[in-house]
Amino acid sequence: MPKLDFMIPAQFVRQLPGVLDILGAGVDTIHAPVVPTSHPLGLAIRITFDSTDTPGQAHRLRLEFTGEDGNLLTIRATLKAPPKIESVPLHWKTGLGIAIPLTLPIPKYGDYSLTLVIDDERVHDLDLRAIPTPPQGQA
């Protein structure tokens with residue numbers, strides 16, 4: 001069964017063979033001069049599989065972006081368990097890095113949540129908030 005290793009919101013994410021590049025990690029506040037608007041956000045996810053997972057077995061992945069008024073964006077994907085790696089210990093977990101560039105709809109200032117669901121099981125929530133851009137010279 002796939003397990004979430006990490007899910008990091010960032011300004012920018014990029015997937016390369018065996019590595020995820022993350023810039024501006026830990027985003028939790030969106031500064032918007034006006035609403036409604038949209039906001040770019042990168043999401044770095046690492047999912048691990050253990051030796052009991054069947055290579056090629058499909059798993060359902062879903063990201064849900066919700067606000068006070070309900071669901072604003074849903075992304076669905078299928079991910080397959082990677083092939084077993086020979087010559088590694090039985091306890092070895094094979095990781096799959098995923099970089100997801102998003103454009104989030106922000107209809108108004110307030111609180112939002114980004115939820116990861118794998119095979120209909122909620123595995124992680126990220127809290128985000130949208131606030132007015134502070135006046136220039138203030139942070």
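This is a predicted model: local features need pLDDT of at least 70, side-chain atom pairs count only at pLDDT 80 or more; totals for chains, interfaces and linings use all residues.
Thr48 itself sits in strand 4, which covers residues 37-49. Is Thr48 buried or exposed? Its relative accessible area is 9%. The cut-off for buried is under 20%, so Thr48 counts as buried.

Next, strand 5, residues 58-67. Strand 5 pairs with strand 6, residues 70-80. The sense is antiparallel, over 10 bridges.

Strand 5 has another partner, strand 8. That pairing is antiparallel too, over seven bridges. Look for Thr66, which stands opposite Ser113 in strand 8.

Now strand 8 itself, residues 110-118. How many of its nine residues are buried? Eight are, so strand 8 is largely enclosed by the rest of the structure.

Strand 8 also pairs with strand 9, residues 121-132. Again the sense is antiparallel, this time over nine bridges. Tyr112 faces Leu128 of strand 9 across that pairing. These two strands make a hairpin with two residues between them. Within this hairpin, Asp119 takes a positive phi near 50 degrees.

To recap the pairings: strand 6 pairs with strand 5, strand 5 with strand 8, and strand 8 with strand 9. Thank you.

Methods:
Residues are numbered from 1 along each chain as its sequence is written. Side-chain values use heavy atoms; hydrogens and water are left out. Helices (H or I, at least four residues) and strands (E, at least two) are DSSP runs, numbered from the N terminus. Buried means under 20% relative accessible area, exposed over 50%, partly exposed in between (1.4 Å probe, protein chains only). Two strands pair if DSSP finds at least two bridges between them.
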